[in-house]
Amino acid sequence: MPNLWSGWPIWAVLAALFAAVTALFAKLGVEGINSNLATLLRTVVVLALLAGIVAVRGEWEPLTELPRRSLVFLLLSGLATGVSWLCYFRALTLGPVSRVAPIDKISVVIVAVLGVLLLGESLDPRHWLGVALMAVGAVLLALQ
């Protein structure tokens with residue numbers, strides 16, 4: 001029997017669970033704090049956590065030895081993440097988490113479409129139905 005921790009599904013479920021808790025903690029955390037400062041504080045915590053994990057596991061590598069293409073795309077991903085978090089925290093200061101988070105998760109729909117268009121991935125009709133249902137569900141949750 002394969003190790004439960006070696007497959008992507010368990011990590012995807014854990015990511016979803018922690019994303020849900022993150023949204024609740026973030027909503028509570030931005031009360032009375034500027035959303036940009038709240039985003040910075042969260043980012044510092046993430047940086048410290050990940051630096052600790054990489055250090056403890058001995059996974060540091062010199063940047064000069066990493067593929068330049070990977071570094072460029074990680075830089076772009078980091079910039080996109082930063083902008084996404086700034087927008088997300090601003091939305092949380094203005095709206096209820098129960099409606100902000102579902103709209104944020106429309107990113108799942110967008111990434112499915114972009115995966116097909118830009119990365120050559122394929123989705124069968126059942127998958128496309130799931131993507132459509134996610135989009136409709138997010139919109140329904142966000143409506144007043």
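Visitor: How closely do the axes of helix α2 and helix α3 come to each other, and at what angle do they cross?

Guide: In this predicted model, the axes of helix α2 (residues 35–56) and helix α3 (residues 68–94) come within 9 Å, and they cross at roughly 130 degrees.

Visitor: Why are α2 and α3 called oblique to each other?

Guide: Angles over 145 degrees count as roughly antiparallel and those from 65 to 115 as roughly perpendicular, whereas α2 and α3 cross at roughly 130 degrees; the two helices are therefore oblique to each other.

Visitor: Which residues of α2 and α3 meet?

Guide: From α2 the contact takes in S35, N36, A38, T39, R42, T43 and V46, and from α3 it takes in W85, L86, Y88, F89, R90 and T93. By residue class, the contact of α2 with α3 divides into 6 nonpolar, 5 polar and 2 charged.

Visitor: What makes S35 a buried residue?

Guide: The limit for a buried residue is a relative accessible area under 20%, and S35, which has its place in helix α2, has 7%, so S35 is buried. Leaving aside its neighbours within four places in sequence, S35 is in contact with F89, R90 and T93.

Visitor: How many aromatic pairs are there, and why is the pair of Y88 and F89 called edge-to-face?

Guide: The count comes to 2 aromatic pairs. For Y88 and F89 the ring centres are 6.3 Å apart, and the cut-off for a pair is within 6.5 Å; their planes stand at 65 degrees, where over 60 counts as edge-to-face, so the pair of Y88 and F89 is edge-to-face. Both Y88 and F89 are buried.

Visitor: Which residues of helix α4 are buried, and what covers them?

Guide: The buried residues of helix α4 (residues 97–104) are V97, V100, A101 and P102. What covers these buried residues of α4 includes α1 (8–29), α3, α5 (106–119) and α6 (125–142).

Technical notes: Residues numbered from 1 in each chain as written. Predicted model: local features only at pLDDT ≥ 70, side-chain atom pairs only at ≥ 80, totals over all residues. Heavy atoms only, no water. Axes fitted to C-alpha atoms, helices over the stretch in contact; angles between N-to-C directions. Helix = DSSP H or I, 4+ residues; strand = E, 2+ residues; numbered from the N terminus. Parallel < 35°, antiparallel > 145°, perpendicular 65-115°, else oblique. Contact = heavy atoms within 4.5 Å. Nonpolar A, V, L, I, M, F, W, Y, C, P; charged D, E, K, R; others polar. Buried < 20%, exposed > 50% of the residue type's maximum accessible area, 1.4 Å probe, protein only. Phe/Tyr/Trp six-rings, centres within 6.5 Å; stacked < 30°, edge-to-face > 60°.
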